[in-house]
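The structure is shown first, and the points follow.

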Amino acid sequence: MLEPIRHIISRQRNILASSSIRRKEILQSVQFNFEIIRPEFEENLDKNSFTHPCEYVKENAKQKALSVWRQLARNNDNNNVADLVIGCDTVVTLDEKIYEKPKDDSDAIRMLMKLSGRTHTVFTGVALITRSKSISSSTLTTNIADQQQQQQQQTLSTTMAIQPQQMKKSSSLLCIDGDDYLVTTFHEATDVTISEMDKTIIESYVKTGEPLDKAGSYGIQGIGATLIESIRGDYFNVVGLPLHRLAKELYYMYTE
């Protein structure tokens with residue numbers, strides 16, 4: 001999906017707004033040209049104010065990306081502006097409850113006991129910020145229902161008029177605060193089934209230290225893979241970045 005637009009991506013400034021080693025490795029594995037800038041955004045959004053976990057992760061991803069975009073904009077230097085900022089956020093959900101990173105070993109044990117023998121869903125939200133003048137309106141994609149809702153809250157610039165037939169499902173397009181940039185958000189979901197485990201197995205895994213910086217208290221790309229019976233959906237989404245969906249969104253963004 002990236003090869004037809006590789007010549008565009010390779011010559012522009014792309015920023016990953018994340019300190020996640022896993023996301024860094026995923027992008028590096030496909031030879032994606034990017035830098036890393038850690039966002040200043042504090043992840044303190046009220047989960048209860050969102051109607052669904054997918055909305056929560058998309059908003060977190062958007063705020064992370066906006067944080068980095070604004071960090072660069074503070075310098076008021078056109079040469080320091082990014083062409084693309086990618087923000088991400090991943091959560092584990094079970095019975096409509098969100099499980100993020102554990103606070104400590106006890107919290108990790110508690111989470112894994114809840115997930116044991118069950119199928120849960122991992123949601124990753126992604127936000128893409130681009131300069132509005134760098135992309136024509138015919139290449140921008142958005143979800144029609146999302147856009148209708150956003151029109152009640154936002155007024156798009158008359159220079160950025162978008163026709164419904166030009167929109168693609170599952171993304172949202174915004175012009176924030178009149179600034180010269182656009183935000184596209186989307187999410188992916190993957191179902192993960194964890195084997196039934198007794199407390200001895202869980203405690204032994206937690207002692208490895210791996211769960212402490214992982215949503216849901218396990219790492220599918222590490223030792224935690226031994227706990228997983230099956231997945232349905234994108235493996236990379238569980239790691240922290242839905243690679244195929246990202247490539248597809250970028251393809252549609254940069255081509256007509």
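This is a predicted model: local features need pLDDT of at least 70, side-chain atom pairs count only at pLDDT 80 or more; totals for chains, interfaces and linings use all residues.

1. Residues are numbered from 1 along each chain as its sequence is written, and side-chain values use heavy atoms, with hydrogens and water left out.

2. The largest pocket has a volume of about 630 Å³. Its lining comprises 28 residues, and nearest the centre lie Ser 20, Arg 23, Glu 43, Lys 64 and Lys 101. Two or more lining residues come from each of helix 2 (21-29), strand 3 (84-94) and helix 7 (235-239). (On a 1 Å grid over the protein atoms alone, a pocket is an open set of points where a 1.4 Å probe fits, with protein on both sides within 12 Å along at least five of seven lines; lining residues have an atom within 4 Å of a point.)

3. The largest nonpolar core holds 44 residues; a core joins buried nonpolar residues of the set Ala, Val, Leu, Ile, Met, Phe, Trp, Tyr and Cys through side-chain atoms within 4.5 Å. Helix 8 (residues 243-254) contributes the most to this core, with 6 residues. A second, separate core of 15 residues includes Ile 15 and Ala 61.

4. Helix 3 (residues 53-73) has 21 residues and spans 30 Å from its first C-alpha to its last. Of these 21 residues, 16 are buried, that is, under 20% relative accessible area with a 1.4 Å probe, protein chains only.

How values were computed:
Helices (H or I, at least four residues) and strands (E, at least two) are DSSP runs, numbered from the N terminus. The expected span of a helix is 1.5 Å times one less than its number of residues. Buried means under 20% relative accessible area, exposed over 50%, partly exposed in between (1.4 Å probe, protein chains only). Grid points are joined across faces, edges and corners, and a volume is the space filled by probe spheres set on the points.
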